[in-house]
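Biologist: I'm new to this one. Can you put it on the screen and walk me through it?

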Amino acid sequence: MTSCVFCGTPIEPGTRFCGACGRPLPAPPPHAAPPPPPMPPPGPAYSSMPPSPAAWATPPPPQAAPPAVAGAPARHLAPTGLRAASNGTVFEVFEYEMYRIARILLQGAAVTLEAGMLHYWLGDIQMQVQGPSLGGMAKSLLTKEKIVRPVYSGSGEIFLEPTFGEMELLELNGHDVWILDKGSYLASDISVQLGIYTNPVFTSIFGGEGMFQTQVSGSGKVLYWAPGPLQRIELRGQTLTVDGSFAVARTGSLEFRVEKATKGLFRSLMSGEGLVNVFRGYGTVMLAPVPNRYMTLLGEFGGLHRAIRSIKTSS
C-alpha cells in the first residue's frame, strides 16, 4: 500500500489519481534489471595437464561404404547336418533353394558315382571309365541298372546332381551287406563293393521292388536317395509287413518275400490289401513312409503337366 505524495491519503497500487485530493499521481519508476551474474575469477590460459598422445594423433580417414550390388543377395549352400568323413573323403549334403545337393571332398582318394549323377567338379580330379564285358552288358540289359559307374580320383570337390528328394548315408564297417532299392544308389567310397541282388520271381513281379537290386558291401560310405524322410526299423526276429514298395534299403540278413495279406487269396483281395511285402529275421529296414513336400508337388503337378501335354499332342 502506497500514499498520495500530495495529501498523504493511502491509495491502491496502480491508481493514477488520488481519491482525496484529485491530483494526478506520478508514474512509478521502472523495475530495475537484475544484476549480471558475477564473473569467474581469471584462471591460467593453459591446462596444467599435458595433452594425451591420442590428442596429437591424426584422425583415421572415414571408411568408404561397400559398393551396392544390384539384384538379390547371393545365396549359399546350407548344411543339412548330414556329413561323414573317412578314407580321405568327406560326404556331406546341403540344401539350396528347394533342392538337396551332395558334395564329396577328395583328398588324394577315389569314389564311385552312379552314371549321370555328376553335376560339376572343382580341383585336380580325373574320371576313369572301365568298359563293360559282354557278361556285364547282358546283366545290365536284364537288370536295367547302369552298365558303367565312373570312378573319380584326385583332390578337389565333386557336386552331384540336385534332387527334390532326400539324400542319406550308410557307413559300412566291413561286415555289413545292404540291399538298395532300384535307382537309390548315388555314390560310394572306392572301398565299397557294388553288386546285384536277385529277388525271387514271384517277389519281383508282385513286390514292386523288381527282380534285381543294388547290393553294397565292404567298408566305407554309401550315399543313396530316398523320396522322403526315412524311418529306421530294427528287427529282432520280428516280422515287418509293408503295403507298398517304400522300403528304400534293408540289410542282406533279412528275408524278403511277397505274401498274401490273409491266408486266402480271395480274402486278401476282399480286404483291399491283396499282396504285401514281408521282412523277417534280424536286421534293419529303412522305410520312406511318405514322400517329402517337394516330391508330392512334383508328383501332383508333374502328372497334370503330362496329362495336358498328352491332350495337346493328341489334338
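**Surface, rings and a patch**

Modeller: The protein exposes about 20,400 Å², and carbon and sulfur atoms supply 60% of that area. Keep in mind that this is a predicted model.

Biologist: How many helices and strands does the protein have?

Modeller: There are 5 helices and 15 strands.

Biologist: And what share of the residues counts as buried?

Modeller: Of the 315 residues, 32% count as buried.

Biologist: What about contacts between residues at least 6 apart in sequence, what percentage join residues at least 24 apart?

Modeller: For those contacts the figure is 70%.

Biologist: Let's switch to aromatics. How many aromatic pairs are there?

Modeller: The count comes to 5 aromatic pairs. In one of them, the ring centres of Phe164 and Tyr294 are 6.4 Å apart and the planes are at 35°, so the pair is tilted. Stacked would need planes under 30 degrees apart, and edge-to-face over 60.

Biologist: Where do Phe164 and Tyr294 lie?

Modeller: Phe164 is in the loop between strand E7 (151–160) and strand E8 (166–180), while Tyr294 is in helix H5 (residues 293–314). The pair therefore ties together parts that are 130 residues apart in sequence.

Biologist: How accessible are Phe164 and Tyr294?

Modeller: Phe164 has a relative accessible area of 22%, which makes it partly exposed. Tyr294 is partly exposed too, with 23%.

Biologist: Now Phe256 and Phe279, what sort of pair do they form?

Modeller: A stacked one: Phe256 and Phe279 are 4.9 Å centre to centre, with 20° between the planes. Phe256 belongs to strand E14 (residues 255–260) and Phe279 to strand E15 (residues 275–287), so this pair ties together parts that are 23 residues apart in sequence.

Biologist: Last topic, the outside. Which residues form a nonpolar patch on the surface?

Modeller: Trp121, Met127 and Val129 form one, with about 280 Å² of accessible area together.

Biologist: Where does Met127 lie, and how accessible is Met127?

Modeller: Met127 lies in strand E6 (residues 118–128). Its relative accessible area is 43%, so Met127 counts as partly exposed.

Definitions and conventions
Residues are numbered from 1 along each chain as its sequence is written. This is a predicted model: local features need pLDDT of at least 70, side-chain atom pairs count only at pLDDT 80 or more; totals for chains, interfaces and linings use all residues. Side-chain values use heavy atoms; hydrogens and water are left out. Rings of Phe, Tyr and Trp (its six-membered ring) pair if their centres lie within 6.5 Å; planes under 30 degrees apart count as stacked, over 60 as edge-to-face and the rest as tilted. Helices (H or I, at least four residues) and strands (E, at least two) are DSSP runs, numbered from the N terminus. Buried means under 20% relative accessible area, exposed over 50%, partly exposed in between (1.4 Å probe, protein chains only). Patches are made of residues with over 30% relative accessible area and no salt bridge: like charges are joined within 9 Å, nonpolar side chains (Val, Leu, Ile, Met, Phe, Trp, Tyr) within 5 Å. Accessible areas come from the Shrake-Rupley method with a 1.4 Å probe; for residues, only the protein chains shown count as cover. A salt bridge is a side-chain nitrogen of Lys or Arg within 4 Å of a carboxyl oxygen of Asp or Glu. Contact means heavy atoms within 4.5 Å.
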